[in-house]
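Hi,

Here's the structure I promised to send over.

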Amino acid sequence: MSIFLPASVGKTYINYKEDEHVNLLQCPFQDEGDNLLRRYMSNQKEVIGKQHDGEILNYSGHQHPLILFDKQTSLGRETVSLHGPMKRVRLLCDGCVRPVMTMPFYTCCKYADEQCCFVLHEWCANLPSQIQDYAGHPGHPLVLFQKIPTKFFCVFECEVCGLKSNGFVYGCTTCEYYVDINCAFIPEEITHDSHPGHLLSKVKASTSSTKHCKACDGYVDKKWIF
């Protein structure tokens, strides 16, 4: 049973047709290794899942070739281990700045001798170079940037979630509109265990809103919400 539901909840009535929402995103995710980017990019069959262990990627955004790992293996004399706080192993993706907890992923070919510790999830290495007609900024395309050099320490505030990041970003430099890659592919509708059977739609919160988020109890003004 979900931790979001009281034990007394009875039969749930669904207010939408499941066959019309085949790929509907169900939240929350089961573990930290799962995320929206992984779900979205796994549907891009032409770019994801066709590479094999040890294959080289000449990634345009990095000065060294990247090596793919799709099984627990070693690079030179060093073993590359997945992120594991209990084992005091820290492995973060330089793209989404999230833990690398599953295979496959890419590491820099200089990783073994610690000359360059650049790491990317496979899906973060295959992101589209730009997004057209983005709902929050339809006037200009959002271009993929590794860093925003005009920002102090390349830290920007995401226009969707309001959180600060120094990872990869989709942005419009003309308008200084920036969206974290973790938020760039959020769908228009989701379902959530806290409100079973009903679709939750993405909307822009009012600047004068006094409503609170049902999860964190924080104000939901200015940013996008469900």
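Phe-156 is buried, with a relative accessible area of 2% (buried is under 20%, exposed over 50% and partly exposed in between, using a 1.4 Å probe and protein chains only). This is a predicted model, so local features need pLDDT of at least 70 and side-chain atom pairs count only at pLDDT 80 or more, while totals for chains, interfaces and linings use all residues. Residues are numbered from 1 along each chain as its sequence is written, and side-chain values use heavy atoms, with hydrogens and water left out.

There are 4 aromatic pairs in the structure (Phe, Tyr or Trp rings, the six-membered one for Trp, with centres within 6.5 Å; planes under 30 degrees apart are stacked, over 60 edge-to-face and the rest tilted). In one of them, the planes of Phe-156 and Tyr-178 meet at 55° with the centres 6.4 Å apart, so this pair is tilted. Phe-156 belongs to strand β10 (residues 156–157) and Tyr-178 to strand β13 (residues 177–180), so the pair ties together parts 22 residues apart in sequence (strands are DSSP runs of E, at least two residues, numbered from the N terminus). Tyr-178 counts as buried too, at 4% relative accessibility.

Another pair is Tyr-170 with Phe-185: edge-to-face, 5.8 Å centre to centre and 90° between the planes. Tyr-170 is in strand β12 (residues 169–172), and Phe-185 is in the loop between β13 and β14 (189–192), 15 residues apart. Tyr-170 is buried at 0% relative accessibility, and Phe-185 is buried at 12%.

Cheers

Note on methods
Helix = DSSP H or I, 4+ residues; strand = E, 2+ residues; numbered from the N terminus.
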